[in-house]
Amino acid sequence: MAGETDLQTLLGSMHPVMRDGDYVYALWPHGRPLEGDVEAAVREAEGLTVVLRRAEAERLGLSYDFVAAWITLQIHSALEAVGLTAAVSAALTHAGISCNVLAGFHHDHLLVPATDAGRAMEVLHLLGRGIVLRSEQPEDRPAILALTAQAFSVSPVTGEPVEGVPVEVGLLRELFDCEEYVPDLSIVAEIGGDIVGHVISTRGSVGGLVLVGLGPIGVAPTLQRRGIGSALMRETAVRAAAAGIPGIALLGSPAYYPRFGYVPAASLGVEPPVAAWGDHFQLLRLPGWPDGVTGTFRYAAPFDRL
């Protein structure tokens with residue numbers, strides 16, 4: 001059967017599946033006859049590289065450094081197909097995940113760091129739906145501001161149309177330029193190169209503890225309730241944790257955000273900037289959250305001018 005060559009069909013049908021177990025790359029000892037359960041091999045001028053299960057490498061006494069998860073894209077791609085490897089590699093790169101690609105006759109195979117396996121699968125599932133998450137760039141800002149105006153054209157508080165430019169647009173302009181701006185926590189969602197979602201988190205504090213405050217977050221109205229906002233929320237948490245940030249605060253519905261791990265901030269000793277917010281002011285603890293935190297949360301300076 002001929003392999004698929006159309007990129008959009010490939011992306012929409014790739015169906016990533018993760019094999020069980022850990023895999024490693026090892027250099028096969030020169031002159032030693034090949035043995036054991038080797039999954040893949042590459043001969044170079046410098047020697048023979050083998051890929052095999054971690055347990056098998058240890059049984060054979062082979063040394064290794066990189067421990068990987070093995071993901072197979074279950075689509076029969078033609079070897080001459082253009083763009084699949086680039087699209088997959090770019091999406092994983094935007095997520096900060098390294099990727100080694102093995103092309104077989106029937107399928108493409110990805111070896112990603114074992115610690116990033118779950119996140120890599122999520123990135124691939126999003127890519128299969130045409131969605132790519134990446135850090136915001138300065139040239140994106142006009143499109144982000146236009147998206148924010150659309151996303152907040154109806155008030156999330158009253159449900160009524162907003163007259164004029166939504167306040168979130170002006171806030172976002174200021175957040176881009178404020179001292180508390182964190183470039184890696186301003187994240188866009190793209191479909192076909194068009195920005196369809198955005199979230200920003202900026203530095204805030206409670207007592208002497210530096211956290212971040214999430215918001216605003218916006219998704220194109222025609223694409224809401226399709227998982228884009230959820231993907232932006234999860235990506236923010238992953239990036240914040242990787243940066244050593246101990247927690248994320250936000251103002252939002254107590255019926256919605258607990259699904260991402262948020263709890264009323266007051267239950268953790270953190271009071272909202274406005275007492276009337278009550279349980280709508282929520283907090284997500286990340287690794288490194290210390291005991292005994294108390295005080296009132298302070299957002300980035302532009303929030304004070306609302």
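The structure is a predicted model, in which local features need pLDDT of at least 70 and side-chain atom pairs count only at pLDDT 80 or more, while totals for chains, interfaces and linings use all residues. Residues are numbered from 1 along each chain as its sequence is written, and side-chain values use heavy atoms, with hydrogens and water left out.

**Open and enclosed space**

Rolling a probe the size of a water molecule over the atoms shows where empty space is left. On a 1 Å grid over the protein atoms alone, a cavity is a set of points where a 1.4 Å probe fits but cannot get out, whereas a pocket is an open set with protein on both sides within 12 Å along at least five of seven lines, and lining residues have an atom within 4 Å of a point. Grid points are joined across faces, edges and corners, and a volume is the space filled by probe spheres set on the points.

The largest pocket holds about 1600 Å³ of space. Its lining comprises 43 residues, and those nearest the centre are Phe-152, Pro-156, Ile-217, Leu-251 and Tyr-257. Among the elements that supply at least two residues each to this lining are helix H5 (141-151), helix H6 (167-177) and helix H7 (228-242), but strand S11 gives the most, with six residues. Helices (H or I, at least four residues) and strands (E, at least two) are DSSP runs, numbered from the N terminus. By residue class the pocket lining divides into 27 nonpolar, 11 polar and five charged, where Ala, Val, Leu, Ile, Met, Phe, Trp, Tyr, Cys and Pro count as nonpolar, Asp, Glu, Lys and Arg as charged, and the others, Gly among them, as polar.

There are two cavities of 30 Å³ or more. The largest cavity has about 110 Å³ of space and is lined by 14 residues, of which Ala-95, Val-123, Leu-126, Leu-133 and Glu-235 lie nearest its centre. Two or more residues of that lining come from each of helix H3 (84-94), H4, strand S8 (131-135) and H7, and the lining divides into nine nonpolar, one polar and four charged residues. The second largest cavity, with a volume of about 30 Å³, is lined by Leu-73, Leu-84, Thr-85, Val-88, Val-101, Asp-108 and Leu-110; H3 gives the most to this lining, with three residues.

**Salt bridges**

Side chains of opposite charge can pair when their charged atoms come close. With a salt bridge taken as a side-chain nitrogen of Lys or Arg within 4 Å of a carboxyl oxygen of Asp or Glu, the count comes to 14. Three of them are set out here.

| Pair | N to O distance |
|---|---|
| Glu-235 and Arg-119 | 2.5 Å |
| Asp-140 and Arg-134 | 2.8 Å |
| Arg-239 and Asp-184 | 3.0 Å |

Arg-239 lies in helix H7 and Asp-184 in strand S9 (residues 181-191), so the pair ties together parts that are 55 residues apart in sequence. Salt bridges that share partners join Arg-119, Asp-184, Glu-235 and Arg-239 into one network. Relative accessible area is classed as buried under 20%, exposed over 50% and partly exposed in between (1.4 Å probe, protein chains only). On that scale Glu-235 is buried at 6%, Arg-119 is buried at 18% and Arg-239 is buried at 6%, whereas Asp-184 is partly exposed at 39%. In the remaining tabulated pair, Asp-140 is buried at 9% relative accessibility, and Arg-134 is buried at 11%.

Six of the seven residues of strand S4 (residues 47-53) are buried, so the strand is largely enclosed by the rest of the structure. Two strands pair if DSSP finds at least two bridges between them. Strand S2 (residues 23-28) runs antiparallel to S4 and is joined to it by six bridges, with Tyr-23 opposite Arg-53. Strand S3 (residues 38-44) is likewise antiparallel to S4, again through six bridges, and Ala-41 stands opposite Val-50. S3 and S4 form a hairpin with two residues between them.

Ser-201 belongs to strand S10 (residues 194-206) and is buried, at 0% relative accessibility. Leaving aside neighbours within four places in sequence, Ser-201 is in contact (heavy atoms within 4.5 Å) with Val-182, Leu-185, Val-212, Gly-213, Leu-214 and Thr-236.
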